[in-house]
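Reader: I'm new to this, and I'd like to know where the labels come from. Can you walk me through them?

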Amino acid sequence: KVGYIYNGLEPCKNDSISTSSNIKADFNIPAGSPLCLMLGGYKPMKGHVFLLKSFKLVLTKMPKVHLIICGHGSQEEIAQVTKLVGILGLSRNVHLLGFRPNAIELLSQADVLLCASQSFESFGLTSVEAMMQKIPVVVTAVGGVPEVVVDNEGGYCLPKDDVVGYADRIVALLSDDKLRMQQGQKGFESASRLFAAQVMAQKYYNYLTTT
């Protein structure tokens, strides 16, 4: 018999999150502008092409939205994404960063987390991190992600080729404060129930003491 135990995270208390950096000020983003965040490497499987095409549609409806992409990547990988940003005319609204260790600090300043993976996404740790912070997520149904983000229970889970639908969900969350808060709360409750470190530890204990 094969079983599984989900990875668990310790919930981060708000008073422990550093506020030393204002990410909007760092990039001259107006304080009132909606902010989307993608945390992930620059490898093609992470879906930057899909994400940027979708984000271009978002801007046709909400031109003040900004997107920050942050993660590891080779010079060549980052150059390819940078080139695509230019080709699509997104340079004013898309900001590319390298890896940053303060992911929780970035999440605390974002309105929505985006994950556009196209293959090989085993779990979706960043989605759990966002849900623990009551940040709604919009993801693609790849690998184990649909187990982490159930559609309409903390955000939205779309087919990996649905560029239009993905954009529509982003717009829905950013244009409706009540919906965004509701989805954030749902995500927090789901993550606390399934992906908390204490839950993971208890399941390992139960397994080790009953087998």
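Reader: What makes helix 7 roughly perpendicular to helix 8?

Author: The axes of helix 7 (residues 163-174) and helix 8 (residues 177-194) cross at roughly 105° and come within 6 Å. Angles of 65 to 115 degrees count as roughly perpendicular, so helix 7 gets that label relative to helix 8. The axes are lines fitted to C-alpha atoms over the stretch in contact, with angles from 0 to 180 degrees between N-to-C directions. Helices are DSSP runs (H or I, at least four residues) and strands are runs of E, at least two, numbered from the N terminus. By the way, this is a predicted model: local features need pLDDT of at least 70, side-chain atom pairs 80 or more, while totals for chains, interfaces and linings use all residues. Residues count from 1 along each chain as its sequence is written, and side-chain values use heavy atoms, leaving out hydrogens and water.

Reader: Which residues in helix 7 meet helix 8?

Author: A172, L173 and L174 do, meeting L179, R180 and Q183 in helix 8. Contact means heavy atoms within 4.5 Å.

Reader: Why is the pair K43 and E77 called a salt bridge?

Author: Their side chains meet at 3.7 Å, N to O, and a salt bridge needs a side-chain nitrogen of Lys or Arg within 4 Å of a carboxyl oxygen of Asp or Glu, so the pair qualifies. K43 is in the loop between strand 1 (35-39) and helix 2 (48-61), and E77 is in helix 3 (residues 75-87), 34 residues apart.

Technical notes
Parallel < 35°, antiparallel > 145°, perpendicular 65-115°, else oblique.
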